[in-house]
Structure formats: C-alpha cells, structure tokens
Amino acid sequence: MKILHLSDLHFGANQAGLGGAGPFSKRLLGLSNLKLNPKRKPDPRVQEAIINQALALDWDYLILSGDLTHLGTKPELDEARTRLEPLIKKAPGRLLLTAGNHDRYVLQSLGLLEKTFGDCFPFNQNRVGIPHLITEEGWLIAELPMARPAWGAKGQVQLEYNEVKEFFLGANLPVLLYGHYPLVWPAGFREPFTHSLWAREQWAQLCELAPVAAYLHGHVHQNWAFEPPKGNYWAVNAGGSLWSGGYLLTLASNRCLPPQPLWPLA
Ligand SMILES: [Fe+2]
C-alpha cells in the first residue's frame with residue numbers, strides 16, 4: 001500500500017482576512033504578519049506543482065497533516081477545497097485530513113475544516129470516538145486530532161490516551177498514525193514551548209507500545225524522516241512540503257519501508 005504524505009500547504013494567503021474576528025483577535029496579528037512579510041506567503045505556483053505531482057503519482061491514500069490554511073477562515077478553506085478538488089476526485093474517500101493549529105486559528109475557525117472537507121474525514125463525520133479506518137490490506141489508519149484554538153500555538157490531543165492505547169493494542173493490526181504536531185524530534189532539534197504539544201512524551205510512548213509502523217505529521221516547516229531510538233517506527237515530518245516536497249511511503253506486511261522523499265518537485 002502506498003501513502004503520499006504532504007503537509008502545511010497553507011492555501012489561500014490572498015483570501016485571508018479577519019473572518020468576523022474582532023480587533024483584538026489573534027487573527028489580526030496573523031494577518032499583519034502575512035501582509036508585512038511576503039516571505040510568509042506561499043507561492044501558488046509551488047502549490048500547483050505539488051498538486052500536479054500528486055496527481056501524477058500512484059498512491060492508495062494521501063494524508064495532509066494539517067495547516068491547509070493560514071488563518072482558518074472560510075475563504076481560505078474554500079480556496080483550499082478548489083485547489084485540492086482534482087486530488088479528491090482522483091481517489092474519493094482516500095484523501096485524509098487533520099487540522100493544524102493554523103486551521104483552528106481562533107474560536108471562529110472551529111468546525112469549518114470538517115464542514116468544507118466532510119468527505120476527507122471518512123471515518124467519523126460526527127467526530128465521536130477514535131477517528132480511524134481499516135483498509136482492505138488490513139491496516140488501521142488513525143488520526144490524532146491535536147489542534148485547538150489558543151493564543152499561542154500549543155496543541156493537545158483531543159482523545160483519551162488509555163482509550164487509544166487499548167484500542168490499538170486490541171485491534172491487532174499494524175497502525176499508520178497521523179497528527180499535526182511532532183511526537184518525537186530528531187537529534188539537534190529543540191521543541192519550542194509555544195508551539196509544543198501537551199503530554200507529547202506520553203503520546204510518543206503510544207508509538208512504542210502499540211504496533212505503530214509510522215507516525216506522519218507536519219507543523220515544523222522542514223522535512224525529516226527518521227527511526228526514533230525507542231520503538232520500531234518511522235517519524236515522518238512533511239511540514240516542509242512547500243520547499244522540499246513530501247514523502248511517499250510503502251507499507252508492506254506490517255512495517256513501513258524507508259520513506260522516499262519527493263524531491264525535486266516537477
Ligand atoms: Fe504550518
């Protein structure tokens with residue numbers, strides 16, 4: 001089974017606005033940053049190249065691990081939907097999403113992603129229970145929803161740890177897991193407090209205890225793929241997709257083969 005992993009595509013920078021948020025909203029700060037610092041604006045030509053490459057590749061599932069937008073407004077999400085429509089049509093029900101902190105920038109963003117991309121959350125439209133699906137090949141693909149509106153950019157898994165652990169251990173299937181924030185960091189990187197995940201170490205343990213073959217995420221705008229010292233899985237960050245492309249993963253038997261970087265872009 002082939003998985004294409006992309007992240008942090010930040011669509012709709014030209015559509016970003018306050019979206020009904022007030023003058024003291026975090027969105028005003030984000031919008032000012034976007035307008036005053038053009039380097040923060042993703043290049044639509046690069047986004048298009050990534051989409052074209054994804055259309056040309058063979059994959060069974062495409063996972064976008066958050067930050068489809070910059071400020072989580074409806075116009076940005078509509079733009080993201082339009083741009084991703086060819087990929088959604090290529091493989092209905094096989095483009096899987098999770099929200100990034102930018103998609104839940106403020107309280108007004110809550111629910112907009114799920115509303116705009118209902119068919120990209122095929123496992124639980126009503127967001128109850130552990131979001132997962134079981135593939136024909138016998139893999140359990142599960143989302144760890146992590147993003148929530150906050151003044152900083154800290155994330156928190158919106159699930160109960162023991163419930164998820166018991167579910168994974170009881171399923172007796174290899175697991176492909178994805179969320180927005182890193183659970184482990186490569187040597188030499190330090191997790192910034194304001195962008196960190198609550199109880200990250202505990203959730204990282206889940207990948208050691210349960211039969212997780214790979215954990216896919218974004219959030220940090222760099223790419224990396226490594227096997228953490230503990231556990232038997234790949235930690236894959238495609239947060240640098242706009243600069244370095246994404247990753248193509250092959251899931252064979254109950255393990256993940258070394259992720260293949262998709263660089264250079266077409
Ligand atoms: Fe991002």
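Axes here are lines fitted to C-alpha atoms, for helices over the stretch in contact. Two packed helices are described by the angle between their axes and the distance between the axes. The model shown in every view is predicted.

**View A. Helices α2 and α3 pack side by side at an angle of roughly 10 degrees.** Their axes come within 10 Å. Angles under 35 degrees count as roughly parallel, so α2 and α3 are roughly parallel to each other. From α2, the contact uses Gln47, Ile51, Ala54 and Leu55. From α3, Arg83, Pro86, Leu87 and Lys90 take part. By class, five of these residues are nonpolar, one is polar and two are charged.

**View B. Helix α2 runs from residue 44 to 56.** The helix has 13 residues. From first C-alpha to last, α2 reaches 18 Å, close to the 18 Å expected at 1.5 Å a residue.

**View C. Helix α2 has a buried face.** Gln47, Ile50 and Ala54 are buried. Seen down the axis of α2, the buried residues fall within an arc of 60 degrees, so they line one face of the helix. An α-helix has 3.6 residues a turn, so residues three or four places apart point the same way. What covers the buried residues of α2 includes β1, β2, α3 and α7. On the other side of α2, Arg45, Glu48, Leu55 and Ala56 are exposed.

**View D. Helices α5 and α6 pack at an angle of about 10 degrees.** Helix α5 spans residues 161–171, and α6 spans residues 200–209. Their axes lie 10 Å apart. The two helices are therefore roughly parallel to each other. Tyr161, Val164 and Lys165 of α5 meet Gln202, Trp203, Leu206 and Leu209 of α6. Five of these contact residues are nonpolar, one is polar and one is charged.

Key. Residues numbered from 1 in each chain as written. Predicted model: local features only at pLDDT ≥ 70, side-chain atom pairs only at ≥ 80, totals over all residues. Axes fitted to C-alpha atoms, helices over the stretch in contact; angles between N-to-C directions. Helix = DSSP H or I, 4+ residues; strand = E, 2+ residues; numbered from the N terminus. Parallel < 35°, antiparallel > 145°, perpendicular 65-115°, else oblique. Contact = placed C-beta atoms within 7 Å. Nonpolar A, V, L, I, M, F, W, Y, C, P; charged D, E, K, R; others polar. Expected span 1.5 Å × (residues − 1). Buried ≥ 20, exposed ≤ 12 C-beta atoms within 10 Å, placed from the backbone. Arc of directions from axis to C-beta.
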